[in-house]
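Have the sequence and the model open side by side.

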Amino acid sequence: MARILYLMPGTGAPAAEKARREGLANSFLTNPQNKVIVDDVDEGPASIESSIEGDLSVRGMLNRVVRDRGRYDAVIIGCADDPGLFSLRELLEVPVVGPLETSLAVASTLGDRFGLITIGESAFPETRMILRRNGAEGRLASLRSVEVSVEEMIDERVGRDRLAESFIREGREAIREGASVILMGCMSMAFQLLDEAARGQLAAPVINPAKVAVKHAEMLLSLGLKHSVLAYPRPDLAKLKRTVLPGL
């Protein structure tokens, strides 16, 4: 049995929401003997909706995986910005999955250009920079938003039906702008299962980054694969322990 940690970088998710996501994440598994554990960190922002919040979340994730080292066979970053992806890969010897990176890879096998739907227009500049880092900006046909915050989704201030209507509307616009595949740019959106709500409503396939990340982690484990130390070399652990990560 493999244990996969789905680590939420923020600190604002109520226990009930974490439990709900854990139940869904385990339903995404191909092998029922595996287990996904959904948890958040002890420090950092309440949610990740800007570059500074993403940066501030990384230390909490690093401290958490150091504390839990050896307990998990793979780690999924619970944010579609993939904060700390390279750092976690340098630090850990188990597979580390970035939902956005993985979804972009899957999208490249399903269509030529993609549309990305995120939570708000304020995230557009950062999203473009993240896509540039992943070498995917040239395949972006459309960048759109539902204008709903992470807090609103978690607190259910916006009904799922209304959220789905907005997502489908923006998806249709993305297709008109040239997208042949639709991606969700937020894990809170992913756990609202908007891909299922949009089934039969959009001509383009919709990629759910939560589902893709869980199944990709399983695939890597079943194949005995993880990130290359040639691309993500080990840092000076003694120096890190002496300066910023005493738990190492």
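How many bridges join strand β1 to strand β2? Six bridges do, and the two strands run parallel. This is a predicted model. Strand β1 covers residues 3-8, and strand β2 covers residues 35-40.

**The sheet with β1 and β2**

Ile 4 stands opposite Val 36 in β2. Met 8 has Asp 40 in β2 as its bridge partner. These strands belong to an open sheet of four strands, ordered β2-β1-β3-β4 and paired in parallel. Its edge strands are β2 and β4 (96-97), each pairing on one side only.

Helix α1 packs on this sheet and touches β1 and β2. The direction of α1 makes about 155° with that of β2. Together, β1, helix α1 (residues 15-27) and β2 form a right-handed β-α-β unit.

**Helix α1 itself**

Helix α1 has 13 residues. From first C-alpha to last, α1 reaches 19 Å, close to the 18 Å expected at 1.5 Å a residue.

Which residues of α1 are buried? They are Glu 17, Lys 18, Arg 21, Leu 24 and Ala 25. Seen down the axis of α1, the buried residues fall within an arc of 125°, so they line one face of the helix. The general rule is that an α-helix has 3.6 residues a turn, so residues three or four places apart point the same way. Turned away from the buried side of α1 is a face that carries the exposed residues Ala 15, Ala 16 and Ala 19.

**The sheet with β5 and β7**

There is also an open sheet of four strands in the order β6-β5-β7-β8, again with parallel pairing. Here β6 (140-145) and β8 (206-207) are the edge strands, and each pairs on one side only. Strands β5 and β7 pair in the parallel sense over four bridges. Within that pairing, Phe 114 stands opposite Val 181 in β7.

Which strands does helix α4 lie across? Helix α4 (residues 99-110) lies across β5, β7 and β8. It runs at about 170° to β7.

| Strand pair | Residue ranges | Bridges | Opposite residues |
|---|---|---|---|
| β1 and β2, parallel | residues 3-8 and residues 35-40 | six bridges | Ile 4 and Val 36 |
| β5 and β7, parallel | residues 114-118 and residues 181-184 | four bridges | Phe 114 and Val 181 |

Terms used: Residues numbered from 1 in each chain as written. Predicted model: local features only at pLDDT ≥ 70, side-chain atom pairs only at ≥ 80, totals over all residues. Heavy atoms only, no water. Pairing = 2+ DSSP bridges. Contact = heavy atoms within 4.5 Å. Axes fitted to C-alpha atoms, helices over the stretch in contact; angles between N-to-C directions. Right-handed = clockwise from strand over helix to strand, strands pointing away. Expected span 1.5 Å × (residues − 1). Buried < 20%, exposed > 50% of the residue type's maximum accessible area, 1.4 Å probe, protein only. Arc of directions from axis to C-beta.
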